[in-house]
Amino acid sequence: MLGLPSVPAFSLRPRDLRRGAVLTMAFLAAVGAGAYTGCWDREEAAGAAASPSGAPAAETPREAGTADREAVARAAAEAVAEGKSGKKAAQEVVSRSGDRWGTVYDQGEYAAFAEGLDGHWTGVGVWAGKAADGMIKVDRVQPGSPAARAGLRAGDRLLSVDGHAVTGLAVTAVVALLRGDAGTPVVLNLNRDGADLTETVRREQLRTEPVTVRQRPDGVTVIKVVSFTRGSGDRVKAAVRAAPPGEGVVLDLRGNPGGLVTEAVTAASAFLDGGLVATYDVRGDQRVLYAAEGGDTTRPLVTLVDGGTMSAAELVTGALQDRGRAVAVGSRTFGKGSVQMPTELPDGSVAELTVGTYRTPAGRSLDGAGITPDVPAGAAVEERAVTVLGGLGVGP
């Protein structure tokens, strides 16, 4: 959805930031017009840093990275005092810091970012990302969306939005151009296979179903998790409970850009009976994420992954792999495992700064290396997964 990321639908309230209750695994990968512009993996710490019983831990992520936060906040404050853009000044500091996942949002961008994690947004229905040459490309188009009806395709290059050139811009900046009220038109200038074309589409209120379930004729249940938006973890749990007794499950995380870390932990809990899901540090202070008790620990399980499996989706994959609960099939994952925390700036904009990294139960860092599947597979990956399940004692 060429617009902003999918994010939790909490409005931009100062208290949400002051309490330090939100951690992110920002990956700024794909999305636009209303859906993911990357998917910042966001964790509401009160629920994520939990004890083995699943109850909130006494300590939750608090203010961290003080020096960086202060430098960014100071730059924004000085700019505002001079009548300049606090957001722009803050972004310049973040850029100079070398924080590749750090970014700054204005109030509207952050509110839209938050809206996306509830699985709905206003946009045209295009997932977009930045190509290696700096151009904005369409990664995929939501079926039935305004973009789909206009004929937009994956692979199209976005040149301008309402006359504003977007090549070289940050995806968040492009998202801001694509945002708007439902029913309003937006003119998109694109390049397809070397030919320029222009399409005018109208923004709509859009939704995405983060979890879909289907049962194959052979009895295997395939649970596809598109993203970890709010409620997705419980939907995974419900799907596992509803699966035929004794039959295997394929958890498809291909192309999943992440989302809410709390939802990822809940999803992992569907297959675990308590225990460690991941650890993370905030400026060297280690925290722990535990699964809830009572998950299905006997049903054969395969996870499907690829280069589009990112952040929270990698966290789930790593936990199930390290704990011997699932066999990972597919190709190497993206490799995004750093932690971001938000800081509200004097002009109301919000800076997301990297403060630490996540690790799997075995201590592997997710950042940079990604996760190597147990069984490499390219074409016909689902059939390969079913074959693996057969080796685990189920399937045809």
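Aspartate 193 is placed in the loop between strands β11 (185-192) and β12 (195-202). Its phi is near 55°, a positive value in a residue other than glycine. With a relative accessibility of 77%, aspartate 193 counts as exposed. In this account a residue is buried under 20% relative accessible area, exposed over 50%, and partly exposed in between, judged with a 1.4 Å probe and protein chains only. Helices (H or I, at least four residues) and strands (E, at least two) are DSSP runs, numbered from the N terminus.

The model is a predicted one, in which local features need pLDDT of at least 70 and side-chain atom pairs count only at pLDDT 80 or more, while totals for chains, interfaces and linings use all residues. Residues are numbered from 1 along each chain as its sequence is written, and side-chain values use heavy atoms, with hydrogens and water left out.

The chain as a whole may be described next. Its secondary structure comes to eleven helices and 23 strands. Of its 396 residues, 56% are buried. The chain exposes about 14900 Å², of which carbon and sulfur atoms supply 50%; accessible areas come from the Shrake-Rupley method with a 1.4 Å probe, and for residues only the protein chains shown count as cover. A contact means heavy atoms within 4.5 Å. Among contacts between residues at least 6 apart in sequence, 70% join residues at least 24 apart.

The buried residues of α10 are Ser311, Ala312, Ala313, Glu314, Leu315, Val316, Thr317, Gly318, Ala319, Leu320 and Gln321. From its first C-alpha to its last, α10 reaches 16 Å, close to the 16 Å expected at 1.5 Å a residue; the expected span is 1.5 Å times one less than the number of residues. Serine 311 belongs to this helix, which comprises residues 311-322. The phi of serine 311 is near 50°, a positive value in a residue other than glycine. Serine 311 has 0% relative accessibility and therefore counts as buried. After α10 comes glycine 324, whose phi is also positive, near 65°.

Isoleucine 371 is placed in the loop between β22 and β23, and it is buried, with a relative accessible area of 1%. Leaving aside neighbours within four places in sequence, isoleucine 371 is in contact with Glu314, Thr317, Gly318, Gln321, Ser331, Arg332, Thr333, Arg364 and Leu366. Although isoleucine 371 and glutamate 314 are 57 residues apart along the chain, their C-alpha atoms are separated by 7.1 Å.

In α11 (residues 381-391), the buried residues are Val381, Glu382, Ala385, Val386, Val388 and Leu389. Seen down the axis of α11, these residues fall within an arc of 155°, so they line one face of the helix; the arc is that of the directions from the helix axis to the C-beta atoms. The buried residues of α11 pack against β14 (211-215), β15 (221-225), β16 (249-252), β19 (301-305), β20 (327-330) and β23 (375-376). Glycine 393 follows α11, and its phi is positive, near 110°.

The aromatic rings come next. A pair of aromatic rings is described by the distance of the centres and the angle of the planes. Rings of Phe, Tyr and Trp (its six-membered ring) pair if their centres lie within 6.5 Å; planes under 30 degrees apart count as stacked, over 60 as edge-to-face and the rest as tilted. The structure holds three aromatic pairs. One of them is the tilted pair of tyrosine 280 and tyrosine 358, at 5.1 Å centre to centre and with 35° between the planes. Tyrosine 280 lies in strand β17 (residues 276-282) and tyrosine 358 in strand β22 (residues 350-359), so the pair ties together parts that are 78 residues apart in sequence. Both tyrosine 280 and tyrosine 358 are buried.
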